[in-house]
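Colleague: I would like to go through this model feature by feature. Please give the general idea each time, then the case at hand.

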Amino acid sequence: MSATATIRKPLGIRATPEEHELITKAAQREHRSVNSFVLRAALQAAEVQTPVKPRRTREEIKAILRAAREAVQAANPTNRDLLAELVAERREAAARGE
């Protein structure tokens, strides 16, 4: 095998008879083999996928958490225990039969 030879790897897919027929007819309309048609469609779909977001650094995560804490403190300046208040409200409503 020469150094410039292209190595091809098989892609195995399984389709229902209905899916196979639909794909076969579409490939025939484009005068392509089923393999060529499916590979082209798969490559087109893969190329338009949005790239994966890079992972955030530890410093970025700390900055996000700091901003979130500041937003919570701004919304709750007296530092009320909102969870305890919610639980108390629910217990009162349950006692009233609501």
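**Reading the salt bridges**

Modeller: Arg80 and Glu85 are joined by a salt bridge between their side chains, with an N to O distance of 2.9 Å. The model is a predicted one.

Colleague: What is the general idea behind such a pair?

Modeller: Side chains of opposite charge can pair when their charged atoms come close. The cut-off applied here is 4 Å between a side-chain nitrogen of Lys or Arg and a carboxyl oxygen of Asp or Glu.

Colleague: Are Arg80 and Glu85 buried, exposed or partly exposed?

Modeller: Arg80 has a relative accessible area of 45%, so it is partly exposed. Glu85 is also partly exposed, at 30%.

Colleague: How many salt bridges does a search of the whole structure find?

Modeller: The search finds four. One of them pairs Glu30 with Arg40, whose closest N and O atoms are 2.8 Å apart.

Colleague: Which residue meets Arg96 in a salt bridge?

Modeller: Glu98 does, with 3.1 Å from N to O. Arg96 has a relative accessible area of 54% and is therefore exposed. Glu98 is exposed as well, at 68%.

**Reading the fold**

Colleague: How should I read the overall architecture?

Modeller: Begin with the secondary structure, then turn to the dimensions. The protein has four helices and zero strands, in the order α-α-α-α along the sequence. Its radius of gyration is 29 Å, whereas the globule rule gives 13 Å for 98 residues, so the protein is more spread out than a compact globule. Along the principal axes, the C-alpha atoms fill a box of roughly 75 × 45 × 20 Å.

Colleague: What share of the residues is buried?

Modeller: Buried residues account for 6% of the 98. Here, buried means a relative accessible area under 20%. The protein exposes about 9700 Å², and carbon and sulfur atoms supply 57% of that area.

Colleague: Can you give me a single pair of positions to check in the viewer?

Modeller: Take Glu59 and Arg14. They are 45 residues apart along the chain, and their C-alpha atoms are separated by 46 Å. Glu59 belongs to helix H3 and is exposed, because its relative accessible area is 57%.

**Reading the surface**

Colleague: Which residues form the positive surface patch?

Modeller: Arg58, Lys62, Arg66 and Arg69 form it. Arg69 is in helix H3, which covers residues 58-75. A patch takes residues with over 30% relative accessible area and no salt bridge, and like charges are joined within 9 Å.

Colleague: And for the charges of the whole protein, how far apart are the mean positions?

Modeller: The 18 positive and 13 negative charges have mean positions 8 Å apart.

Colleague: Which residues make the nonpolar surface patch?

Modeller: Leu11, Leu39 and Leu43 make that patch, which is about 310 Å². Leu43 is in helix H2, and its relative accessible area of 45% makes it partly exposed.

How values were computed:
Residues numbered from 1 in each chain as written. Predicted model: local features only at pLDDT ≥ 70, side-chain atom pairs only at ≥ 80, totals over all residues. Heavy atoms only, no water. Patch = residues over 30% accessible without salt bridge, like charges linked within 9 Å, V, L, I, M, F, W, Y side chains within 5 Å. Areas by Shrake-Rupley, 256 points an atom, 1.4 Å probe, with all protein chains shown as cover. Lys, Arg positive; Asp, Glu negative; His and termini not counted. Charge placed at Lys NZ, Arg CZ, Asp CG, Glu CD. Helix = DSSP H or I, 4+ residues; strand = E, 2+ residues; numbered from the N terminus. Rg over C-alpha atoms; globule rule 2.2 N^0.38 Å. Buried < 20%, exposed > 50% of the residue type's maximum accessible area, 1.4 Å probe, protein only.
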